[in-house]
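Welcome! Take a look at the sequence and the model, and then read on.

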Amino acid sequence: MSGTYIAPNGYRAVEREDDRLNPNRGVRTAAGDAQTDQIWQRTIPRSLIPLEQTPPVVTLPEGAVAYSDAASAPTLFRISTRSAPDASVAQAKPTPTATRSSWVRVATFKTDEQARQVAQSLASQGLPMRLGTVKRKGTAYRVVLAGPFGTSKQTQSALSQVRSAGYNNAKVSK
């Protein structure tokens with residue numbers, strides 16, 4: 001503090017060096033106000049701006065390709081074949097082998113009905129078929145699997161049979 005200050009009776013003078021008496025302390029800027037307005041309403045008392053709970057749904061036309069600017073982490077899938085298939089899906093018995101670890105992943109469908117139709121058509125060609133479930137972003141999808149197959153030769157044979165039936169994106173999974 002500049003100059004001499006004499007405190008009144010009953011008080012004592014205190015040196016404050018912590019910027020409490022700065023007249024420019026807490027001055028707002030237009031950029032700061034704009035940032036605040038994105039979160040808080042200008043009411044008294046102030047309240048948070050409600051966030052949209054249901055994001056808009058964009059439906060792409062059939063066959064459209066969607067692109068994303070940002071790279072995302074690889075999606076991990078867990079396919080379960082523990083549930084026994086219904087009698088409506090005909091099953092050919094696989095040849096008994098020591099290990100049954102190879103599968104042909106035919107396709108993934110939104111509805112159980114679509115998956116069952118594909119499984120039935122391929123089962124009628126003599127392939128052992130199973131239906132699995134996979135979750136992506138909280139939505140359950142039905143996965144059509146052919147197998148299990150004990151040898152690489154059996155797996156490759158089933159893969160070519162599935163692809164010749166029109167499922168060109170089929171792939172081998174273990």
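## A first landmark

I39 is a handy place to begin: this residue sits in the loop between α1 (30-37) and β1 (102-109). Helices (H or I, at least four residues) and strands (E, at least two) are DSSP runs, numbered from the N terminus. I39 counts as partly exposed because its relative accessibility is 47%; buried means under 20% relative accessible area, exposed over 50%, and partly exposed in between (1.4 Å probe, protein chains only).

Together with W40 and L48, I39 makes a nonpolar surface patch of about 290 Å². Patches are made of residues with over 30% relative accessible area and no salt bridge, with like charges joined within 9 Å and nonpolar side chains (Val, Leu, Ile, Met, Phe, Trp, Tyr) within 5 Å. The accessible areas come from the Shrake-Rupley method with a 1.4 Å probe, and for residues only the protein chains shown count as cover.

## How to read the model

This is a predicted model, in which local features need pLDDT of at least 70 and side-chain atom pairs count only at pLDDT 80 or more, while totals for chains, interfaces and linings use all residues. Residues are numbered from 1 along each chain as its sequence is written, and side-chain values use heavy atoms, with hydrogens and water left out.

The predictor's confidence in each residue is its pLDDT, from 0 to 100. The protein chain averages 79, and 76% of the residues score at least 70. Over residues 94-98 pLDDT stays under 50, and the model has five contacts there beyond four places in sequence; a contact means heavy atoms within 4.5 Å. Where pLDDT is low, the predicted coordinates should not be read in detail.

## The overall layout

Three helices and four strands make up the secondary structure of the protein chain.

Of the 174 residues in the protein chain, 20% are buried. The chain exposes about 14000 Å², with carbon and sulfur atoms supplying 52% of that area. Among contacts with a separation of 6 or more, 60% are between residues 24 or more positions apart.

## Inside the cores

What lies in the largest nonpolar core? This core has 19 residues, and V104, V106, L122, L127, M129, V144 and V162 have the most contacts inside it. The elements giving two or more residues to this core are β1, α2, β2 (129-136), β3 and α3 (152-164). Helix α2 gives the most, with five residues. A nonpolar core is a set of buried Ala, Val, Leu, Ile, Met, Phe, Trp, Tyr and Cys residues joined through side-chain atoms within 4.5 Å.

Leaving aside neighbours within four places in sequence, V162 touches V104, V106, L122, L127, Y167 and A170. A second, separate core of five residues includes W103, V134, Y141 and L145. V134 belongs to strand β2 and is buried, with a relative accessible area of 2%.

## Salt bridges

How many salt bridges are there? The count comes to four, where a salt bridge is a side-chain nitrogen of Lys or Arg within 4 Å of a carboxyl oxygen of Asp or Glu. One of them joins D33 and R28 (3.2 Å, N to O); D33 is partly exposed at 21% relative accessibility, whereas R28 is exposed at 63%.

D112, R116 and R142 are linked in a network. R116 and D112 meet at 2.8 Å, N to O, and they are separated by about one helical turn because they are four residues apart in helix α2 (residues 112-123). D112 also pairs with R142, the closest N and O atoms being 2.9 Å apart. D112 lies in helix α2 and R142 in strand β3 (residues 139-149), so this pair ties together parts that are 30 residues apart in sequence.

## Backbone details

The bond from I44 to P45 is cis, with omega near -10°, and P45 is in the loop between α1 and β1. The bond from G147 to P148 is cis too, with omega near 10°, and P148 is in strand β3.

K137 has a positive phi of about 50° although it is not a glycine. K137 is in the loop between β2 and β3 and is exposed, with a relative accessible area of 87%.
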